[in-house]
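Good morning. Please look at it while I speak.

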Amino acid sequence: MLAIKIWNYLKGYVIIRIKGLTLERLLNLALSKDIYLWNVNRINSTTIEATVSLVGIDALEEIINKSGCRVEIVKRVGFPFILSKLKYRKAFVVGLVVFMCLIIFLSRVLWDIEIIGTEQIPKDDIIELLNKNDIRIGKFKHQIDTDEVSRLIHKNYDYLSFLDIRINGVKLIVELKEIDIEPERVDTSYPCNIIAKRKGVIVKIVAENGNAVVEKGQIVEEDDLLISGVVNSEISNDTYLVHANGKVLAETRYSHILEVPIVKIDKVETGNIFNQWGISINDKGIRFLSGDVPYENYIEEIVEKSILNIEWFPFKIVNYIYREVKIEEIKQDIEFLKTSTKLEATKEINKQLSDSSEIISRNAIYTIDGNILRTKVTVDTLEDIGKVQAINSN
Amino acid sequence: MKKGMDDIKMSITDALELPLDVTLDLPKITLIGHLKINITNHRGIIEYTKELIRINSKIGMIKITGESLEIRNVLMEEISINGSIKSIEIIS
């Protein structure tokens, strides 16, 4: 019934009031002319109200005039009447159409480019790259091929571990993840600071780009700012960001301490063995004692043997073997120890040094504390302690 | 499953049986409770008031009495009346 109602609404209908004496004859006439009437309602003896479709109203009026009745339109319902009303409001219709067209048109245009996940690559760089390749704000969305954009970005930045390009509404979203290892090709376009990578005394500072904030002779700690990428303009009071670059030579110190006993204790087996037996059940043991261990110094060895050679069987025979040892003290040559420890400590330090560092001095200090020889080797080096740290402007 | 088979049997027999109203050109009066009456194959309205509706047909006049009667649809072949119906009388 709803479908019929909607159909009637679309076609349009009128509610009419017919006044007259021969209303039944009128209804029969309407029937014979195939005029569809519905909701025929008697109001009083001379009046009926009925609903008739817009198509039938003209034919009905003809009959009504013939039968000598009078007709009065109570209400006009339906889409055709709305249309005819709109005929008098042309500007409104034009406005509506223009508005719809504008909405459709504007929603087909790219309005924003969003870049998510950049750390080292500046966002402006990617946007510029896209702009250069004719992907800019104001372009139609259907002209943008996301695969093409993806290829383009991959071609220009080869150190991305993840890249996703999608068009969401009127927005082009570029989501990417950079590989943590900094690429060898230094990109000088993004602003950055130079910071210290270890503690040291500044010997020489050459700021090629940026503002040196430390002086010669100054002691810097790790992560201290050395060359700032924030530069004050010489003309105005504004500051701007640059890619700081430069060499910061500093004296740094590496040290390593080794401790070795002078008198070495050596255990020598005498060959005497004392055996004890036991049983272990699920790692809990019972030991059959047969007296204390008769040796003063010994090495204990525990051997478990499974009964029946089955893995899961919980009972195991345990053999406790005690081997007697004789302790011998060997006093080592101190001079020999000093040389060997110094060599070993230097080797350890060399592992930490970078290739570019220059060794100024190598020093070894020996202290004897009772039985222990402590060897401290310190190496002073001259090296570039600068490390790049990007400035996040966003 | 058995009920489904029965239904099919019913519809087949119904389909083969020729309907009376078509063959003999008789009106078909369908009454739904006391609220609605459908008359197909009628020959026009004789009288229409809120309490009484008289409809012409081949077998004579069909007289419907009730309260607040209203013609819902009126077509060449079919007429449908709503309202609370009290009696239907066929006067031949």
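Strand S2 of chain A, residues 37–44, pairs with S5 of chain B in the antiparallel sense, over 3 bridges. Helices (H or I, at least four residues) and strands (E, at least two) are DSSP runs, numbered from the N terminus, and two strands pair if DSSP finds at least two bridges between them. In this pairing Val40(A) stands opposite Ile71(B).

Before going on, the ground rules. This is a predicted model, in which local features need pLDDT of at least 70 and side-chain atom pairs count only at pLDDT 80 or more, while totals for chains, interfaces and linings use all residues. Residues are numbered from 1 along each chain as its sequence is written, and chains are lettered from A and ligands numbered from 1 in the order in which they are written.

Now the interface. In total, 14 residues of chain B are in contact with 13 residues of chain A; contact means that the C-beta atoms, placed from the backbone, lie within 7 Å. On the chain B side, S3 (45–48) and S5 (60–74) each supply at least two residues. The largest share, 5 residues, comes from S5(B).

Next, the interior. Buried residues make up 17% of the 394 residues in chain A. Buried means 20 or more other C-beta atoms within 10 Å of the residue's own, exposed means 12 or fewer, and partly exposed is in between, with C-beta atoms placed from the backbone. Which residues have the most contacts inside the largest nonpolar core? They are Leu27(A) and Val52(A), in a core of 31 residues. A nonpolar core is a set of buried Ala, Val, Leu, Ile, Met, Phe, Trp, Tyr and Cys residues joined through C-beta atoms within 7 Å. Leu27(A) also touches residues of the other chain, namely Ile45(B), Tyr48(B) and Val74(B).

Helix H1 of chain A, residues 2–11, is another matter: of its 10 residues the number buried is 0, so the helix lies largely in the open. Just after H1(A), Gly12(A) takes a positive phi of about 90 degrees.

Last, a sheet in chain A. Its 4 strands form an open sheet in the order S10-S12-S8-S22, with antiparallel pairing. S10 (211–212) and S22 (386–390) stand at the edges with a single partner strand each, so one side of each is left without a neighbour in the sheet. S8(A), residues 192–196, is joined to S22(A) by 5 bridges, and Ile195(A) stands opposite Lys387(A) there.

How values were computed:
Contact = placed C-beta atoms within 7 Å. Lists of a residue's contacts leave out its neighbours within four places in sequence.
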